Amino acid sequence: MSEQVVIGKATEATAARSVLFKLVMFSLSLGIVPISSYFASEEYLWNGNSTYAAITAVVSANVVLVAYIISSVLEDRPMAPDTSAKTLLESKKQQ
Amino acid sequence: MSSCPPYAPFFGFAGVASAMILSTVGAAFGTAKAGIGIAGLGSFRPELIMKSLIPVVMSGIIAVYGLVVSVLIAGDLRPEGYSLFAGFTHLGAGLACGMTGLAAGYAIGIVGDSCVRAYVQETKVFVSMVLILIFAEVLGLYGLIVALIMNTSAIASKDIC
């Protein structure tokens, strides 16, 4: 019983660290990617046309957002059977 | 009455400032209000935190819209040869992006708070939360589109004086 608790806490710690790392990466990319894509695309892609560069920056920011949503849904996918089993056990215990 | 008075850049800079300031106010409200709900959820179900941070990321996108419009307008400001027409256009563009960002951030905050609290009890709320948040964020996108259109007309009127 205590071994299970220790293993559970170890997996929780590693899971928390990977979640934190992922959050930090997404925060940094949300700050860096749009502005860098604005200036880079204005210089190299669109020959100084700043409107197209702004559209590129907005599209890249939304790409980061969609990537975050997909990664959060995929992260919860393998845990979904565990949580449903846990809630089933808890409801049985309450009965 | 010349069409390039020396006080014309005042309106251009006011547009830059208002785009950044107002959209940041909206994003801050959205982040704070959604953060209240996420803090409440985190004490019950910590495994749902990654999904429930989506309103916070969307508020960040609203601030990015304001930042992009500010950088876009600030790239066209000049001390000489800057017409009053361009100044007013830039002010309108900045206000359009800023005020719509304020509205979008407000909506994202309230929707994020309520939906994240409901997500604790019912996991099917997640899809509808994402849909409502997307509709709220598109409001800021409309303001950004109008700001881009106005800025192109300001660019087109470059050599008035």
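**Chains A and B: terms set against their values**

Me: Which residues of chain B does the UniProt annotation "transmembrane region" cover?

Reply: The annotation, from an unreviewed entry, covers residues 6–32, 53–73, 93–113 and 125–150 of chain B. UniProt positions are given here in the numbering of this model, with feature names shortened, and such annotations may be inferred rather than shown by experiment. The model is predicted: local features need pLDDT of at least 70 and side-chain atom pairs count only at pLDDT 80 or more, while totals for chains, interfaces and linings use all residues. Residues are numbered from 1 along each chain as its sequence is written, chains are lettered from A and ligands numbered from 1 in the order in which they are written, and side-chain values use heavy atoms, with hydrogens and water left out.

Me: What makes up residues 6–32 and residues 53–73 of chain B, helix or strand?

Reply: Helices (H or I, at least four residues) and strands (E, at least two) are DSSP runs, numbered from the N terminus. By that rule residues 6–32 of chain B are 93% helix and 0% strand, with end C-alpha atoms 41 Å apart. Residues 53–73 of chain B are 95% helix and 0% strand, and their end C-alpha atoms lie 31 Å apart.

Me: How far apart are the end C-alpha atoms of residues 15–73 and of residues 91–150 of chain B?

Reply: The unreviewed UniProt entry lists both spans under "domain: V-ATPase proteolipid subunit C-like". The ends of residues 15–73 of chain B lie 8 Å apart, the span being 92% helix and 0% strand. For residues 91–150 of chain B the distance is 10 Å, at 95% helix and 0% strand.

Me: What pattern does chain A follow along its sequence?

Reply: The pattern is α-α-α, with three helices and zero strands in the chain. UniProt, again in an unreviewed entry, lists residues 20–40 and 52–70 of chain A as "transmembrane region". Residues 20–40 of chain A are 100% helix and 0% strand, with end C-alpha atoms 29 Å apart. Residues 52–70 of chain A are likewise 100% helix and 0% strand, and their ends lie 27 Å apart.

Me: Why is A:Val64 called buried?

Reply: Buried means under 20% relative accessible area, exposed over 50%, and partly exposed in between (1.4 Å probe, protein chains only). A:Val64 has 9% relative accessibility and therefore counts as buried. A:Val64 lies in helix H2 of chain A. Leaving aside neighbours within four places in sequence, A:Val64 is in contact (heavy atoms within 4.5 Å) with A:Phe26, A:Ser29, A:Leu30 and A:Val33.

Me: What makes A:Val33 partly exposed?

Reply: The value for A:Val33 is 28% relative accessibility, so this residue falls in the partly exposed class. A:Val33 is placed in helix H1 of chain A. Not counting residues up to four places away in sequence, A:Val33 touches A:Ser60 and A:Val64.

Me: Why does A:Asn47 count as exposed?

Reply: A:Asn47 has a relative accessible area of 72% and is therefore exposed. A:Asn47 lies in the loop between H1 and H2 of chain A. Most residues other than glycine have a negative phi.

Me: How much area do chain A and chain B bury between them?

Reply: Buried area is the accessible area (1.4 Å probe) that two parts lose on being put together, summed over both. For chain A and chain B the total is about 2200 Å², 80% of it on carbon and sulfur atoms. A:Val58, A:Leu65 and A:Tyr68 supply 23% of the area that chain A buries against chain B, more than any other three residues. In terms of contact, 26 residues of chain A meet 25 residues of chain B.

Me: How many salt bridges are counted between chain A and chain B?

Reply: A salt bridge needs a side-chain nitrogen of Lys or Arg within 4 Å of a carboxyl oxygen of Asp or Glu. The count between chain A and chain B is zero.

Me: Which elements give two or more residues to the side of chain A that touches chain B?

Reply: They are helix H1 (2–45) and helix H2 (50–76) of chain A. H2(A) provides the largest share, 16 residues.
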